[in-house]
Amino acid sequence: MSEQTQAQRRVVVVGAGMAGVQTAVALREQGFKGTVTVIGAEPHQPYDRPPLSKAVLLGKAEGSAFDVDFEALGIELLLGREALGVRPEAHELDTEAGPVPYDALVLATGAEPIRLPGTEGVPGVHLLRTLDDAERLRPVLARQHDIVVVGAGWIGAEFATAAREAGCAVTVVEAADRPLAGALPAEVAAPMTSWYADAGAVLRTHARVERVEPGAVVLDDGSRVAAGAVVVGIGARPATAWLAGSGIELGAHRDVVADDRLRTSVPDVHAVGDCASFPSGRYGERLLVHHWDNALQGPRTVAADILGETRTVYDPVPYFWSEQFGRFVQYAGHHASADTTLWRGEPSGPAWTVCWLRENRLVALLAVGRPRDLAQGRRLIEAGAEMDPELLTDPARPLKTATVQATTGWAL
């Protein structure tokens, strides 16, 4: 593509979160000379989400705006503008302020929280996904209300941690039999159950919400839990309802179905971040990854493909972290296909790691308070290294020295 032709191209990015902003930045970093427009539904300057459940929520930070000089990079921001649809034949994005033409379109609309049925418009019921959500919750924590958290997943645990730090009485109700039921096997999630009580929070499992009343949450067994406020954290789904009728293929979870270069089923449209799934050759299945690192890494692939560069396919080792109840929890990989689970350290202690292997090759690990295990393990997964199971279970031995190659003189 000639420089003159490229300078006339228009790239429009829908979504001003991590994936959208990083796509715009990556385009400039990789030398794109055309126009780059980022469209965001929220009126705020683009911001990072992880601090919302920590510093912003507790009033330790006013916001978490990205440190990006959009003007200097020549990136146009159209904020407070909701996308309504895509017409691929016309190469136009429909927004509430009118159509926006594009040569290349990037879908980066992220995910939206799943709402608790029957709580629409009920006073005192909150979600925690946006900066506005965090701002609404700050005074709730400051008043030290009795708080009920619905859902013991990652966001529920992080919010419960912040609420306890703020001095609130916290009850977490979870419909499943354990925390993180959708994310981790029972044996791995089991040690985390005690973290709630250790932090002074009450965890009630097998507890399904029947309804929310003023001042109380009523469970399906008839019991009532006092609630000055209710925070719902029962998961999120790709924010893709607005793509209905566009012809862009969606998967079973409403995810935009992308290929290994993050291209959608429609020409000149890419998808990246929480709203998109992609095929993983490493794991032999399609992955839908709702985590910050995926929104950081994917944009480089999108930018390269828009520029017509031949790059390797997008097949990352998924990674995320969570800070909860005084612990730093990190996960890398994808454990669904593992045939062996091995432990490093005692799960009753402050620091331990779970390793998942398939045919003695490390495919995933969860590290609690062992960041070195995570860093080394992530590289071992990427390398497809064969592990020595006996050496692997010695928590005093660095992970990188527990490979079969390391014991025969080869080190990663």
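The following legends describe close-up views of a predicted model.

**Figure 1. The largest cavity and its lining.** The largest cavity holds about 40 Å³ of space. Its lining is formed by F278, V289, D293, N294, Q297, Y314, P316, V317, P318 and Y319. Seven of these lining residues are nonpolar, two are polar and one is charged. Helix α8, spanning residues 292–306, supplies the largest share of the lining, with three residues.

Figure 2. Once residues up to four places away in sequence are set aside, W292 touches M18, D48, P50 and W321.

Figure 3. The largest nonpolar core comprises 96 residues, of which I147, F159, L184, W356, L366 and M387 touch the most other members. With neighbours within four places in sequence left aside, F159 is in contact with L57, L128, L137, L141, I147, V149 and V231. Another core, of 20 residues, lies apart from the largest one and includes V12, A83, I248 and V269. In soluble globular proteins, nonpolar side chains tend to be buried together.

**Figure 4. S246 in the loop between β17 and β18.** S246 sits in the loop that runs between β17 (236–238) and β18 (256–257). The relative accessibility of S246 is 6%, and this residue therefore counts as buried, because the limit for that class is under 20%. Not counting residues up to four places away in sequence, S246 touches V86 and P88. Between S246 and V266 there are 20 residues of separation in sequence and 9.0 Å in space, taken from C-alpha to C-alpha.

**Figure 5. Two buried cysteines, C275 and C355.** C275 has a relative accessible area of 0% and is therefore buried. C355 is likewise buried, with a relative accessible area of 0%. A search of the whole structure for disulfides returns zero; no pair of cysteine sulfur atoms therefore meets the cut-off of 2.5 Å.

Definitions and conventions: Residues numbered from 1 in each chain as written. Predicted model: local features only at pLDDT ≥ 70, side-chain atom pairs only at ≥ 80, totals over all residues. Heavy atoms only, no water. Buried < 20%, exposed > 50% of the residue type's maximum accessible area, 1.4 Å probe, protein only. 1 Å grid on protein atoms, 1.4 Å probe; cavity = no way out; pocket = protein on both sides within 12 Å on 5 of 7 lines; lining within 4 Å. Points joined across faces, edges and corners; volume = space filled by probe spheres on them. Helix = DSSP H or I, 4+ residues; strand = E, 2+ residues; numbered from the N terminus. Nonpolar A, V, L, I, M, F, W, Y, C, P; charged D, E, K, R; others polar. Core = buried A, V, L, I, M, F, W, Y, C linked by side-chain atoms within 4.5 Å. Contact = heavy atoms within 4.5 Å.
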